[in-house]
Amino acid sequence: MSPNRTSARLQAARTRIPEQRADSSGLRTLVVGAGAAGTALVRDLDRTPEFGLTPVGVLDDDPTKAGRNVSGSPVLGPLADLTALALAHRAQVVVLAIPGLPHQRVRELATAAAAAGAAVRYLPSFLSALRREVVGSDLRTLDVNRLIGRHEVHVVSPDVRTVIEGRRVLVTGAGGSIGSELCRQVQAFGPAALYMLDHDESNLHRLQLDIWGEALLTDESLVIADIRDRPRIQQIFRDLSPEVVFHAAAHKHLPLLERHPSEAVKSNVLGTDHLVEAALATGVERFVLISTDKAADPTSVLGASKRLAELIVQANARDARNLGTGVFAAVRFGNVLGSRGSLLSVLEEQLRSGGPVTVTHPDVTRFFMTIEEAVGLVLEAGRMAEGGEVFVLDMGEPVRIVDLVKNFAEQVQLGPDEVEIRYTGLRAGEKLNEALFSDAEERLPTAHPRIYATVAGQVTADLAGGLTTLYAAASGNADATVRDCLTALLPGYRSAPTRPPALASLYPDGF
């Protein structure tokens, strides 16, 4: 299989438009570009309702096209008016249909669309290189709906602007897949300042280059810091006075954390504690923790560490509410397609190398979401939170990994006999099936029809004392004691028996 062909299809999945139907026709869509590509695209979207997109207008800078119809859709105005026109026409999706558009211009238009709460999709640049007519089927190069077993959900709304615009925003773990996408979308809502914190300077350099098109590394927006370093975190919060914090920094690979539980505690639990403490001390308005569905009735060190992070946020949310200060909440992710080291990139590599695809168990299932859904959930949680909630996106039914592999292979034109699947067995701490809520948690509706929440139940009586013991054990790298402390702090949790590691499984171990 051609690496370029597979990579192009993977990129299509990463930028996939959500196809949840807004009405009987589909999501309201603005097409940017009234040339041959835009005309062909509008025509095919009208003819093919299963794409889930309904054109409501076209944008073009050519004044002679103003007021004309393009395959039945009016030319509404120039590209400079994208944000205003998207808001005026309640656009949910903006498609950039100008092949060969410079990357800087793509970034500008994507930012303008995101500022109106619209999802962004653009025709892949390789189409211009092929010099052929663009058709609507190019938008379905890789049908992410078949992979995740449901329609994508358009989560973020223009109302997010009310909690970001004009405020100082800090994103931790900014160089990661979720953190970097958060930074891109936050920037579109007009913050007074965006601070991007990561311990990896190379990640920060790449992130600034991606967002601004240059990376001079000379301004205060980039912050090198380790969330384990309490004095450093306190200094950053004092100096920068962030008003909104999105906490994405974490260790997230399940098998590694089973083998090194002290490291999981230092980053996922203690690091969160440092940030929450600093946020309370400096009067942060909103604090959103990114967690994982593995925190619901955890069976792994990863899940246990993230559940403790949730409990820290929830315990301090009560204190903040009583003091009338900030709002603290958390979100749980399923497995994110398109994140670094996720299913799509691993599957591409395994297929491209000609080796077998490794899956832990024939019946293993997981919940999946796209990066857009994940980041939209974080932003909407920041907007809707009143304090202490854990928000979860309704991700439909879990997907069998084996079915996902077969769907993926079919869409990249590989026959069943060309894909060998080898089963490696569940690893320590892994579940056969994940859950979004624990058995003890109540699923509560929110203002968004596809987002649910749960609030803190019974918290361990002496959480603070138990955490002190846990931190001391982790500081001494006493892994056995760390496991015992996790069991004591989380009723129902039992540390998985240690055993030799199995071969890497296909699906991502992160969020």
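Strand 10 (residues 244-247) sends the side chains of Val244 and Phe246 one way and those of Val245 and His247 the other way, and all are buried. Here buried stands for under 20% relative accessible area, with exposed meaning over 50% and partly exposed anything in between (1.4 Å probe, protein chains only). Strands (E, at least two residues) and helices (H or I, at least four) are DSSP runs numbered from the N terminus. In a regular strand, side chains alternate between the two faces of the sheet. The model is a predicted one, in which local features need pLDDT of at least 70 and side-chain atom pairs count only at pLDDT 80 or more, while totals for chains, interfaces and linings use all residues. Residues are numbered from 1 along each chain as its sequence is written, and side-chain values use heavy atoms, leaving out hydrogens and water.

Strand 10 has parallel neighbours. Four bridges join it to strand 7 (residues 168-172), and the two run parallel; two strands pair if DSSP finds at least two bridges between them. Within this pairing, valine 245 is the bridge partner of leucine 170. Strand 11 (residues 286-292) also runs parallel to strand 10, again with four bridges, and there leucine 289 stands opposite histidine 247.

Attention now turns to the nonpolar cores, each a set of buried Ala, Val, Leu, Ile, Met, Phe, Trp, Tyr and Cys residues joined through side-chain atoms within 4.5 Å. The largest has 51 residues, and those with the most contacts inside it are Phe237, Phe287, Leu308, Leu467, Leu470 and Leu486. Helix 13 (residues 301-323) gives the most to this core, with eleven residues. Leucine 308 touches Val269, Leu463, Leu467, Leu470, Leu486, Leu489 and Leu490, leaving aside residues up to four places away in sequence; a contact means heavy atoms within 4.5 Å. Another core, of 48 residues, lies apart from the largest one and includes Leu194, Met196, Leu207 and Phe391.

Seen as a whole, the protein has 18 helices and 21 strands. Of its 511 residues, 57% are buried. Among contacts with a separation of 6 or more, 79% are between residues 24 or more positions apart. The accessible surface comes to about 20200 Å², with 51% belonging to carbon and sulfur atoms, as computed by the Shrake-Rupley method with a 1.4 Å probe.

A search of the whole structure finds zero disulfides, a disulfide being a pair of cysteine sulfur atoms within 2.5 Å. Cysteine 183 counts as buried because its relative accessibility is 0%, and cysteine 485 counts as buried because its value is 11%.
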